[in-house]
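Please keep both in view while going through the sections.

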Amino acid sequence: MVKSWLYYLGLMLVVSCTSTKVTLRNGDLLLVPAAASSLSGAIDRVTQTAKETHYSHIALLEKDSIGDFFVLHAGSRNGSERLSLADFFKYEAQKGVDISVYRLKSKYQSSIPAAIHEAKKWLGRPYNYSYILSDQKLYCSDFVQRSFAKDSIFTLEPMTFINPQTGKTDKAWEEFYSKQNLEIPEGKPGCNPNGLAASPKVRKVGKISYQYK
C-alpha cells in the first residue's frame with residue numbers, strides 16, 4: 001500500500017497568519033529565504049524589489065502521476081537535479097525554515113506541463129557560479145526562467161551587484177568575482193529569485209516547513 005506523500009515526508013504545511021493548510025500543486029514555485037550572511041545574503045542585498053521579498057533560491061515543484069512531489073532546480077550542491085521534496089528541505093533549507101510557495105496565476109497555468117518537460121532537459125548540468133548566462137551551466141532562477149521561456153512567463157533583466165544602501169558594488173560580490181578572476185557582470189542579462197517572485201504573473205499562496213522526526 002502506497003503511503004500518502006504527506007505521511008511519507010512528514011511535512012507540516014502552514015499558511016502564515018491562518019490555520020489553513022497549503023495544498024501543493026504541480027508547477028508551484030518554492031522560494032527559499034535568504035540568510036543574513038554568506039552568498040545567500042549577498043544575493044538578497046542586491047536584488048531587492050518593491051515587493052520587499054527576501055529570497056536567495058527558487059525551485060520548480062513537480063507532482064508525478066501517482067501523486068508524489070519532486071523538486072526540479074539548479075543547486076550549488078549537485079547542479080541541475082530532480083530530488084524528493086524531503087531531500088530538497090534537507091539540502092537546500094535550514095532546519096525548521098519556512099519556504100514560500102508561489103503559484104502561476106490561472107491564465108498562465110497552461111504553461112506548466114511544457115515547463116516541467118523543458119526543465120527535465122536541463123537536468124545534469126553543473127551549477128553556474130559565475131551567474132553569467134550559459135547553456136552549459138545553470139543557476140537557480142536561470143533554470144526556472146528557461147523552463148518557462150517558451151511562453152515568456154519570466155523575463156531577463158540587467159543584473160546589478162550594487163548594494164542599494166551604499167550605492168557601491170557589494171563587497172561580498174567584489175570578493176566573489178575576484179576569486180574567480182572574472183569581471184563583475186554588471187548590466188549583463190540575468191534573473192534572480194526576488195525578481196521572479198515579483199512577477200505579476202505569480203502570486204504567493206503560503207509557506208511550508210519540514211519538521212524533522
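## Basis of the model

This is a predicted model, in which local features need pLDDT of at least 70 and side-chain atom pairs count only at pLDDT 80 or more, while totals for chains, interfaces and linings use all residues. Residues are numbered from 1 along each chain as its sequence is written, and side-chain values use heavy atoms, with hydrogens and water left out.

## Overall make-up

The protein has seven helices and 11 strands, where helices (H or I, at least four residues) and strands (E, at least two) are DSSP runs numbered from the N terminus. Of its 213 residues, 47% count as buried; here buried means under 20% relative accessible area, exposed means over 50%, and partly exposed lies in between, with a 1.4 Å probe and protein chains only.

When contacts (heavy atoms within 4.5 Å) between residues at least 6 apart in sequence are considered, 69% of them join residues at least 24 apart.

## Cysteines

A search of the whole structure for disulfides, defined as pairs of cysteine sulfur atoms within 2.5 Å, finds zero. C140 is in no disulfide, and the nearest cysteine sulfur, that of C191, is 7.8 Å away. C191 is likewise in no disulfide, its nearest cysteine sulfur being that of C140. C140 counts as buried at 4% relative accessibility, and C191 counts as buried at 9%.

## Salt bridges

Side chains of opposite charge can pair when their charged atoms come close. With a salt bridge taken as a side-chain nitrogen of Lys or Arg within 4 Å of a carboxyl oxygen of Asp or Glu, the search of the whole structure finds six. In one of them the side chains of E62 and R82 meet, with an N to O distance of 2.8 Å. Because E62 lies in strand β3 (residues 55–63) and R82 in strand β5 (residues 79–84), this pair ties together parts that are 20 residues apart in sequence. E62 is buried, with a relative accessible area of 6%, whereas R82 counts as partly exposed at 36% relative accessibility.

E62 also forms a salt bridge with K120, the closest N and O atoms being 2.7 Å apart. K120 lies in helix α4 (residues 112–121) and E62 in strand β3, so the pair ties together parts that are 58 residues apart in sequence. K120 counts as partly exposed, at 37% relative accessibility. Another salt bridge joins the side chains of R146 and D142 (2.6 Å, N to O); both residues lie in helix α5 (residues 140–147), four residues apart, about one turn of the helix, and both are buried. Salt bridges that share partners join E62, R82 and K120 into one network.

## Helix α3

Which residues are buried in helix α3 (residues 85–92)? They are L85, A86, F88, F89 and E92. Seen down the axis of α3, these buried residues fall within an arc of 165°, so they line one face of the helix; the arc is that of the directions from the helix axis to the C-beta atoms.

## Two buried serines

S130 is placed in the loop between α4 and α5 and counts as buried at 14% relative accessibility. Not counting residues up to four places away in sequence, S130 touches Y177, Q180, L182 and P185. S130 and Y177 are 47 residues apart in sequence, yet 7.6 Å apart in space, C-alpha to C-alpha. The side chain of S130 also makes a polar contact with the side chain of N128 (2.8 Å), a polar contact being a pair of N or O atoms within 3.5 Å, where within protein one must be able to donate a hydrogen and the other to accept it, and residues adjacent in sequence count only if both atoms are side-chain atoms.

S80 is found in strand β5 and is buried, with a relative accessible area of 3%. Leaving aside neighbours within four places in sequence, S80 is in contact with H73, A74, W122, L123, G124, R125, L138 and F143.
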